[in-house]
Amino acid sequence: MKSKIIIIIFFVLSTKIFSQNFFKRDTSINVLENGQYFNLPFAGGINSAQFSEIDLNLDGTMDLVCFDKAGNKIIPFINDNGNYVYSPTYRNLFPEIHDWIILADYNCDGKNDIYTYSSGGIAIYENTSNSFLNFTLKTSLVLSNYGTSNINIYVSAVDIPAISDIDSDGDLDILTFSILGGFVEYHKNMSMETISSCDSIIFELETGCWGNFYEGLNTYALNCINCQCPAFNITNTAEQHLSHAGSTLLAIDIDNDNDKDLILGDISYTNLNLLINGGDSDSAHIVSVDTVFPQNHNNTMPADISVYPASYYIDVTNDGIKDLLLTTNTNNNSENLESCWLFENTNSTNSPDFNFIKKSFLQDEMIDLGKGSYPAFFDYNGDGLDDLVVGNYGYHVNNNNPISSLALFENIGTSSFPEYNLIDRDWQSISNINLNTVLNIPALNLSPTFGDIDGDNDKDLILGDADGKLHLFQNNGNNQFQIVGPNYENIDVGYFATPFLVDVNRDGLLDLLIGEQDGTINYCPNSGNVNTAIFDSVITNFGGIDINQSIINTGFSDPFLMDSNGIYFLFSGSYTGEIFKFSNIDNNLSGIFTEMTNWQKLWDGGQSSIAINDINNDGMSDMFIGNNSGGLALFLGDSILINNTWNCIGNSCISTGDGSGFFNSLSMCEDSCSVVSLVSEIKNNISIFPNPTDNKIKIEMKNMNPDNYNLSILNIYGDIIKNKNIKVKRDYFDSFELDKFRKGIYILKIESNYYSKFKKIILE
């Protein structure tokens with residue numbers, strides 16, 4: 001009896017807490033602009049894209065992966081009969097990637113592997129997919145024989161090497177700039193020569209000046225035989241290194257003569273250079289440089305991307321012919337709204353004719369507000385539906401400061417079914433107001449918050465900016481705001497102020513919480529009254545929170561204080577993109593808050609910002625997350641404790657519902673939980689062993705109803721990390737390898753159309 005009472009009490013308490021704080025990604029809500037619906041509204045925006053192709057769902061068709069350097073974010077797209085469908089679940093199946101990634105088949109097994117940056121060099125992850133996408137680290141640093149010893153092939157974090165079969169022998173070679181810059185090193189893959197197979201990683205430095213050319217500052221010296229270029233003074237190694245600050249390489253045969261030509265972008269310039277190889281596959285010799293590529297291929301337009309262009313050659317029009325994608329390879333002072341140029345190839349892969357299509361491939365199908373996005377809810381037209389106002393760092397402008405503005409998304413749906421219309425990308429024309437009173441120019445990095453601080457029953461607007469200042473705009477009651485307080489209350493928190501109006505101390509007056517670049521949170525209690533807010537004190541390091549992620553000030557806190565059934569929880573975005581959550585706030589405003597490390601982790605790119613509200617009137621809080629790429633992700637509240645009636649006895653939890661959102665109640669069960677429709681009965685026996693385990697689990701299923709089942713391994717946040725579809729007639733036996741996972745608790749989920757069961761796995 002005592003055990004049952006404890007279970008019931010836990011159930012009640014869990015309902016109060018988790019009913020508001022469990023979130024599930026949603027991509028189904030419609031968003032439109034200028035009468036056109038976005039196909040991929042919540043794909044998160046793109047700034048600095050790197051494109052590759054891979055079969056994500058193992059259906060035999062190449063899918064698309066975009067890696068955005070802005071936040072080190074993998075954006076996967078399933079190729080559905082030529083249409084790209086945003087599929088963020090596959091992101092969890094990739095290893096941690098930063099700086100750059102190239103997907104190419106290193107071992108000739110027909111599955112593209114991962115080449116990526118690692119400690120001044122290249123790491124390779126082998127594609128070991130069988131029934132689901134999987135990668136295994138093959139080497140953390142690719143070594144090459146330099147003649148006297150094997151050392152790692154140098155690749156800068158800001159460069160992109162060329163991974164290609166340079167000598168046409170069937171294995172993939174590497175072209176990369178020397179650590180001193182200027183000359184391109186050719187590292188020949190010796191796998192075919194050594195073992196007559198691709199399935200090995202054996203490199204040697206074939207030449208230190210492939211193509212006999214030298215790159216200066218977007219200029220080239222040709223005929224550098226034996227790495228000697230008399231026209232260039234390259235004897236001073238310091239100057240030589242300085243002249244090569246960064247370059248992107250793509251090696252393709254563009255003139256159908258069976259050798260590789262080179263497309264090269266430079267960090268300080270907007271154009272791409274095509275270097276034509278007049279030699280052969282064994283001995284490259286660059287004979288000409290086309291500085292307006294790809295203009296001379298089918299008389300199209302030249303690359304002109306601000307700044308640091310990169311090129312990718314993959315088939316994105318699904319006609320079997322590779323197309324050309326041009327992007328920017330930096331996230332600093334670069335194009336961020338039209339930075340994915342598509343040139344369709346209308347001829348053949350080795351003899352292309354390029355037809356310019358657009359400057360915003362995929363970007364124009366999603367919410368993309370340039371760089372940065374800071375969402376806030378506000379019912380601007382008084383119809384009872386909360387609209388969305390989103391600030392940004394800014395849209396890139398060549399040779400000038402970015403244009404920072406507010407975007408207004410009007411909710412044109414209903415209280416239960418929201419739909420958003422992006423009706424204004426410069427709402428209130430704030431981009432034209434000189435909020436920076438020192439330089440008399442507009443402010444950058446606008447972060448909005450709304451609240452009635454003057455007692456006139458409408459909500460006013462406070463903006464934070466990149467200089468750490470706040471600016472007050474008074475609502476005139478007619479959907480128009482007037483600036484009344486630039487440098488409001490002389491508050492200055494340093495850099496990147498992200499304000500949030502909320503009654504922190506529950507005295508009936510709106511206070512201010514302000515995040516900042518160093519990762520701490522500032523608290524400004526309102527010492528005024530209902531009609532006149534006064535913020536005359538700034539309490540720093542509120543709650544002892546400091547989400548700074550390094551030795552430099554890169555926390556970028558973005559606070560949101562939420563009341564969940566009478567209990568305050570504080571959420572914060574961060575530079576890394578992780579959403580932090582803190583408790584122990586009520587009656588502890590001068591104390592140290594408790595970071596909740598075991599709550600559901602949400603992530604959708606670096607430099608995250610958040611807004612929380614119940615947008616579909618289901619009694620659960622929903623969350624918009626902004627990011628450095630100018631996009632938005634949406635996570636709807638989801639709780640099985642509200643949507644279903646549960647009966648829990650021992651280690652079984654039986655529900656009348658579908659079991660979605662199960663993870664809120666996982667801790668209620670000692671070992672496993674069953675979610676069973678009322679139309680079925682529990683007649684089966686499922687066991688896993690050994691458990692705990694250190695590398696593998698075996699699954700035994702007996703007396704199952706004949707059906708198609710899905711077996712999934714999930715982490716504690718509900719992310720699928722392994723997946724398999726099976727057909728079961730009665731009994732079934734299988735196993736899962738777990739040795740590549742971190743130690744901890746995982747979930748085995750077995751489900752069909754009418755049946756779901758969850759079992760806890762302990763990995764030691």
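Trainee: How many bridges pair β32 with strand β33, and in which sense?
Mentor: Five bridges, and β32 pairs with β33 (residues 460-464) in the antiparallel sense. Strands pair if DSSP finds at least two bridges between them. Helices (H or I, at least four residues) and strands (E, at least two) are DSSP runs, numbered from the N terminus. In that pairing, isoleucine 462 of β33 is the bridge partner of threonine 449.

Trainee: Before I go on, what sort of model is this, and what needs a pLDDT of at least 70?
Mentor: The model is predicted: local features need pLDDT of at least 70, side-chain atom pairs count only at pLDDT 80 or more, and totals for chains, interfaces and linings use all residues. Residues are numbered from 1 along each chain as its sequence is written, and side-chain values use heavy atoms, with hydrogens and water left out.

Trainee: Back to the sheet. What is the strand order around β33?
Mentor: The order is β32-β33-β34-β35, an open sheet of four strands with antiparallel pairing. At the edges stand β32 (447-451) and β35 (481-485); each has a single partner strand, so one side of each is left without a neighbour in the sheet. On average, neighbouring strands of this sheet are turned by 30° against each other, direction ignored. For such angles, axes are lines fitted to C-alpha atoms, for helices over the stretch in contact, and angles run from 0 to 180 degrees between N-to-C directions.

Trainee: And what order do β20 to β23 take?
Mentor: They form an open sheet of four strands in the order β20-β21-β22-β23, with antiparallel pairing. The edge strands are β20 (247-252) and β23 (286-293), each with a single partner strand, so one side of each is left without a neighbour in the sheet. Here neighbouring strands are turned by 20° against each other on average, direction ignored. Strand β22 (residues 272-277) runs antiparallel to β23 and is joined to it by five bridges. Leucine 275 stands opposite valine 289 in β23.

Trainee: What kind of peptide bond joins phenylalanine 293 and proline 294?
Mentor: A cis one, with omega about 0°. Proline 294 lies in the loop between β23 and β24. Another cis peptide bond joins asparagine 691 and proline 692, with omega about 10°. That proline 692 is in the loop between β49 (685-689) and β50 (696-702).

Trainee: Different topic. How many helices and strands are in the chain?
Mentor: Four helices and 55 strands. The chain has 764 residues, and 57% of them are buried. Buried means under 20% relative accessible area, exposed over 50%, and partly exposed in between (1.4 Å probe, protein chains only).

Trainee: Serine 583, then: buried or exposed?
Mentor: Serine 583 counts as buried because its relative accessibility is 16%. It sits in strand β41 (residues 580-583). Leaving aside neighbours within four places in sequence, serine 583 is in contact (heavy atoms within 4.5 Å) with Phe569, Phe593, Thr594 and Met596.

Trainee: Which value is positive in asparagine 584?
Mentor: Phi, near 60°, in a residue other than glycine. Asparagine 584 lies in the loop between β41 and β42 (594-595), and at 42% relative accessibility counts as partly exposed. Glutamate 489 has a positive phi too, near 55°. Its place is the loop between β35 and β36 (498-502).

Trainee: Where is aspartate 353?
Mentor: In the loop between β26 (340-345) and β27 (354-358). Aspartate 353 is partly exposed, with a relative accessible area of 27%. Not counting residues up to four places away in sequence, aspartate 353 touches Asn298, Glu344, Asn345, Thr346 and Asn347. Asparagine 296 is 57 residues away from aspartate 353 in sequence, with 9.1 Å between the C-alpha atoms.

Trainee: Last one. How many cavities of 30 Å³ or more are there?
Mentor: Two, from a search of the whole structure. A cavity, on a 1 Å grid over the protein atoms alone, is a set of points where a 1.4 Å probe fits but cannot get out; lining residues have an atom within 4 Å of a point. Grid points are joined across faces, edges and corners, and a volume is the space filled by probe spheres set on the points. The largest cavity holds about 60 Å³ of space. Its lining includes Tyr374, Phe496, Glu516 and Gln607.

Conventions: On a 1 Å grid over the protein atoms alone, a cavity is a set of points where a 1.4 Å probe fits but cannot get out, and a pocket is an open set with protein on both sides within 12 Å along at least five of seven lines; lining residues have an atom within 4 Å of a point.
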